[in-house]
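Good morning, colleagues. Please look at the model on the screen while I go through its salt bridges, its helices and its nonpolar cores.

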Amino acid sequence: MCVSNTENRDNIVQASTDNGVPPPVMTATVEPIPGNSTNMPVKHVSNTCFSITALISIFLMVSVMLVYIYFNFPTLNADEKKFIKLPWNITDAQNLGRVLEKHKDRHKVEVFVSLVFVYIFLQSFAIPGSIFLSILSGFLYPFPLALSLVCFCSATGASVCYLISFFLGRGLVYKFFPEQAAKYAALVLRHKHNLFSYILFLRVTPFLPNWFINIAAPVVDVPILPFYFGTFIGKNSPPCLLVVPTNLMNRKLQ
């Protein structure tokens with residue numbers, strides 16, 4: 001078929017030349033390719049909007065659960081209610097600790113579940129304040145229990161943040177933190193044969209913020225298991241140093 005078309009074209013050119021007529025100009029129509037790059041910005045914007053909308057929706061649903069816990073908390077008087085809030089400094093943590101200490105014996109489950117849920121909530125959405133909950137844990141509970149609580153909540157909250165980023169945050173990370181993500185990916189690739197030790201190292205050093213490690217880890221293909229256990233051990237070194245003295249300070253404050 002190709003040979004026949006070539007011969008016909010040569011015959012037309014030859015005939016036109018013999019008759020003194022210039023040969024016809026051959027033109028081709030280029031059809032647009034479906035799904036070309038002109039549609040990519042629209043698709044990228046759509047994915048970004050979906051991720052942001054889904055993230056806000058998850059945050060609102062968890063916030064509703066937090067409000068539910070607050071209104072189902074044991075009955076408090078007016079002086080105690082003003083201290084039931086997220087602790088933003090050591091004074092807030094002390095006041096909250098005194099209130100919870102009064103109700104801890106009669107409402108053990110409610111106080112414990114509330115503390116665990118709020119701690120995981122702060123870690124999951126990278127909200128500051130979890131360090132004061134570590135101090136509060138040491139104030140309320142014996143050292144072994146407080147240490148276990150801090151380690152579990154920190155690692156679990158960071159893993160929830162990991163999963164949210166895994167399903168929703170890939171485009172957002174590279175959109176808002178392209179340089180940091182590329183640097184982190186290169187470091188992970190360099191230490192891919194010993195990721196547990198590397199995550200442990202990152203948790204106890206200030207080279208990368210903890211919130212960025214949480215959201216960028218799934219984007220640069222860090223597996224969930226070394227991420228969880230590296231966080232469980234490494235991230236809690238500074239809080240554990242606070243759990244011990246605050247547990248001893250408990251007697252003095254009482």
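Let me begin with a question: does aspartate 92 count as buried or exposed? Aspartate 92 has a relative accessibility of 14%, so it counts as buried. Throughout, buried means under 20% relative accessible area, exposed means over 50%, and partly exposed lies in between, with a 1.4 Å probe and protein chains only.

A word on the basis of these values. The model is predicted, so local features need pLDDT of at least 70 and side-chain atom pairs count only at pLDDT 80 or more, while totals for chains, interfaces and linings use all residues. Residues are numbered from 1 along each chain as its sequence is written, and side-chain values use heavy atoms, with hydrogens and water left out.

I turn to the salt bridges. The structure holds 3 of them, a salt bridge being a side-chain nitrogen of Lys or Arg within 4 Å of a carboxyl oxygen of Asp or Glu. In general, side chains of opposite charge can pair when their charged atoms come close.

Aspartate 92 is paired with lysine 85, at 3.9 Å from N to O. Lysine 85 is partly exposed, its relative accessible area being 45%.

Another bridge joins lysine 102 to glutamate 80, with the closest N and O atoms 3.9 Å apart. This pair links distant parts of the chain, since lysine 102 lies in helix α4 and glutamate 80 in helix α3 (residues 78-81), 22 residues apart. Helices here are DSSP runs of H or I with at least four residues, strands are runs of E with at least two, and both are numbered from the N terminus. Lysine 102 counts as exposed at 57% relative accessibility, whereas glutamate 80 is buried at 9%.

The remaining bridge is between glutamate 101 and lysine 104, whose closest N and O atoms are 3.7 Å apart. Both residues belong to helix α4 and are 3 residues apart, about one turn of the helix. As a general rule, an α-helix has 3.6 residues a turn, so residues three or four places apart point the same way. Glutamate 101 is buried, with 18% relative accessible area, and lysine 104 is buried as well, with 14%.

Next, the nonpolar cores. A nonpolar core is a set of buried Ala, Val, Leu, Ile, Met, Phe, Trp, Tyr and Cys residues joined through side-chain atoms within 4.5 Å. The largest has 29 residues, and those with the most contacts inside it include Leu100, Leu115, Leu133 and Leu136. Two or more residues come from each of α2 (40-71), α4 (90-104), α5 (108-124), α6 (130-140) and α7 (143-176). Of these, α5 gives the most, with 9 residues. Leucine 100 touches Phe73, Val111, Leu136 and Leu140, leaving aside residues up to four places away in sequence; contact means heavy atoms within 4.5 Å. A second, separate core has 22 residues, among them Tyr198, Ala217, Val220 and Val222.

How many of the 17 residues of α5 are buried? The number is 12, so α5 is largely enclosed by the rest of the structure. Val111, Leu115 and Phe117 are among them. The expected span of a helix is 1.5 Å times one less than its number of residues. For α5 this gives 24 Å, which agrees with the 24 Å between its end C-alpha atoms.

Helix α7 presents another case. A straight helix of 34 residues would span 50 Å, yet α7 spans only 40 Å between its end C-alpha atoms. There is a kink of about 85° in α7, centred on glycine 169, where the bend at a residue is the angle between axes fitted to the seven residues ending there and the seven starting there.

Two loop residues deserve mention. Alanine 126, in the loop between α5 and α6, has a positive phi of about 55° although it is not a glycine. At 40% relative accessibility, alanine 126 is partly exposed. Aspartate 221 has a positive phi near 65° and is found in the loop between α10 (210-216) and α11 (224-234). Aspartate 221 is exposed, at 56% relative accessible area.

Finally, the annotation. An unreviewed UniProt entry places "transmembrane region" at residues 50-71, 111-139 and 145-168; positions follow the numbering used here, feature names are shortened, and annotations may be inferred rather than shown by experiment. In the model, residues 111-139 are 83% helix and 0% strand, with end C-alpha atoms 13 Å apart. Residues 145-168 are 100% helix and 0% strand, with end C-alpha atoms 34 Å apart.
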